[in-house]
Amino acid sequence: MNSKNEAFRFYLGEDNKIKYEFYDINQSLVDEFLVSEDKIISFSIDIDINDRIHLIYLNNEGKIFYYLYSSNKWAKKILTQLDIKSNYYNHLNLKLNKDKVHIFFSFSNLINRKVWTIQHLIGTKGNWEKMN
C-alpha cells in the first residue's frame with residue numbers, strides 16, 4: 001500500500017508470469033496488469049517512502065531483473081546472469097534501507113545441495129555492488 005492508500009497485489013499467475021492488481025483508495029479493484037512476458041522462477045518486491053515500487057525476479061533463463069515503478073511507468077534493468085544449469089537458486093529477497101536496494105539469494109551446486117552460499121547485491125542510485 002502506498003501513501004495514498006492505494007494497494008498493489010503482486011502474484012505469480014498459473015502461467016508463471018508476474019501480474020498485479022491495482023486497488024484505489026476505497027480498496028476497489030481498478031485493473032490488472034502483466035509486469036513481464038518472462039516465465040518467472042522467483043520474485044520479491046518492496047515499496048519505498050516515495051511510493052516507488054522495486055521488484056526483482058529470476059526468470060527461467062537465469063537472469064535477475066530489477067524493475068522500478070515510478071510515475072506510472074516501469075523501468076527495467078538486467079542485473080546479472082546466473083548459471084541455472086549448474087546451480088539451484090532459492091530465497092530471492094529484496095529489501096530497501098534508506099537509499100540502498102539490497103538483494104539477497106542463496107545458491108547451491110546441483111551435485112552437492114548440502115553446501116549453500118548467500119549472495120548479497122547492493123544498489124545505490126543505479127550502481128550495483130556484489131557482496132559475499
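Predicted model: local features only at pLDDT ≥ 70, side-chain atom pairs only at ≥ 80, totals over all residues.
Residues are numbered from 1 along each chain as its sequence is written. Local features need pLDDT of at least 70, side-chain atom pairs count only at pLDDT 80 or more, totals for chains, interfaces and linings use all residues, and side-chain values use heavy atoms, with hydrogens and water left out.

**Strands**

Strands are DSSP runs (E, at least two residues) numbered from the N terminus, and two of them pair if DSSP finds at least two bridges between them. An open, antiparallel sheet is formed by 4 strands in the order 8-9-10-11. Its edges are strand 8 (87-97) and strand 11 (127-131), each of which pairs on one side only. On average, neighbouring strands of this sheet are turned by 20° against each other, direction ignored; the axes are lines fitted to C-alpha atoms, and angles run from 0 to 180 degrees between N-to-C directions. Strand 9 (residues 100-109) and strand 10 (residues 117-124) run antiparallel and are joined by 8 bridges. Lys 100 has Thr 124 in strand 10 as its bridge partner.

Strand 6 (residues 63-70) also pairs in the antiparallel sense with strand 7 (residues 73-81), over 8 bridges. Here Lys 63 stands opposite Gln 81. The hairpin of these strands has 2 residues between them, and Ser 71 takes a positive phi near 55°.

**Salt bridges**

A salt bridge is a side-chain nitrogen of Lys or Arg within 4 Å of a carboxyl oxygen of Asp or Glu. The whole structure has 5 salt bridges, including those in the table.

| Pair | N to O distance |
|---|---|
| Lys 17 and Glu 37 | 2.8 Å |
| Arg 52 and Asp 48 | 2.8 Å |
| Glu 61 and Lys 63 | 3.9 Å |

Lys 17 and Glu 37 meet in a salt bridge. Lys 17 lies in the loop between strand 1 and strand 2 and Glu 37 in the loop between strand 3 (29-34) and strand 4 (40-47), so the pair ties together parts that are 20 residues apart in sequence.

Buried means under 20% relative accessible area, exposed over 50%, and partly exposed in between (1.4 Å probe, protein chains only). Lys 17 is buried at 15%, while Glu 37 is exposed at 55%. Arg 52 is partly exposed at 30%, and Asp 48 is buried at 13%.

**Loops**

Gly 13, in the loop between strand 1 (7-12) and strand 2 (18-23), is buried at 9%. Leu 110 is in the loop between strand 9 and strand 10 and is partly exposed at 37%.
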